[in-house]
Amino acid sequence: FSGAAFNTLDQKKPLIIEQNFGVAFRYYNDDGKIDTINKKLLARYSNYNLLKEELRMLYVALTRAEDRLIITASRKNPYSEIAKSALKLVAGAGTIGEDIYLNATCYADWLVPCFLLHSDGQELRDMAEGVDFSVIPAEKMLIKVFDDTEEVALEDKNFEETPDKEL
């Protein structure tokens, strides 16, 4: 189910323990609770690692289908969500960039932009009311999995060693 939110409860706890960077905590004073800069940084780092793992899990789920792949998502206001994704794509000139990747709260936040760019995504683009897709070049409206000129063997790829973007 691609609309279910990622579990970010660990980043919201008053104490975060991270193997490489140590411990960070929330500070309490007379005015209430305040997240220290260390806690905010470790929470961002933890969220980044969560997103990396969720993206790996999505890749596994998408590549295991043999005959058909059915993806479902439920959103409170799907037209608004699709329009937000469309605006981010138009602002990025048709690229799925850091903003989309780092601000995802569920799988649908990654999948909808891909579907919007796909040549079969016209029905979704029509749902993005008021968003002008004409600023995105036509060649970017199709997602290519592999280059047509070369054959790529997946078993030769080492996806574990693919470099991740640093925070």
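This is a walk through a predicted model of one protein chain. Residues are numbered from 1 along the chain as its sequence is written. In this predicted model, local features need pLDDT of at least 70 and side-chain atom pairs count only at pLDDT 80 or more, while totals for chains, interfaces and linings use all residues.

Start with the layout. The chain holds six helices and three strands. These are DSSP runs, numbered from the N terminus: helices are H or I with at least four residues, strands are E with at least two. From the N terminus on, the order is α-β-β-β-α-α-α-α-α.

Now take helix 2, residues 37-63. The expected span of a helix is 1.5 Å times one less than its number of residues. For the 27 residues of helix 2 that gives 39 Å, and the end C-alpha atoms are 39 Å apart, so the two agree.

Across the chain, 26% of the 167 residues count as buried. Contact means heavy atoms within 4.5 Å. Of the contacts with a separation of 6 or more, 63% join residues 24 or more positions apart.

Last, confidence. pLDDT is the predictor's confidence in each residue, from 0 to 100. The chain has a mean of 79. Among the elements, helix 2 has the highest mean (91) and helix 4 the lowest (85). Over residues 143-160, pLDDT stays under 50. Residues 162-167 also stay under 50.

Notes. Side-chain values use heavy atoms; hydrogens and water are left out. Buried means under 20% relative accessible area, exposed over 50%, partly exposed in between (1.4 Å probe, protein chains only).
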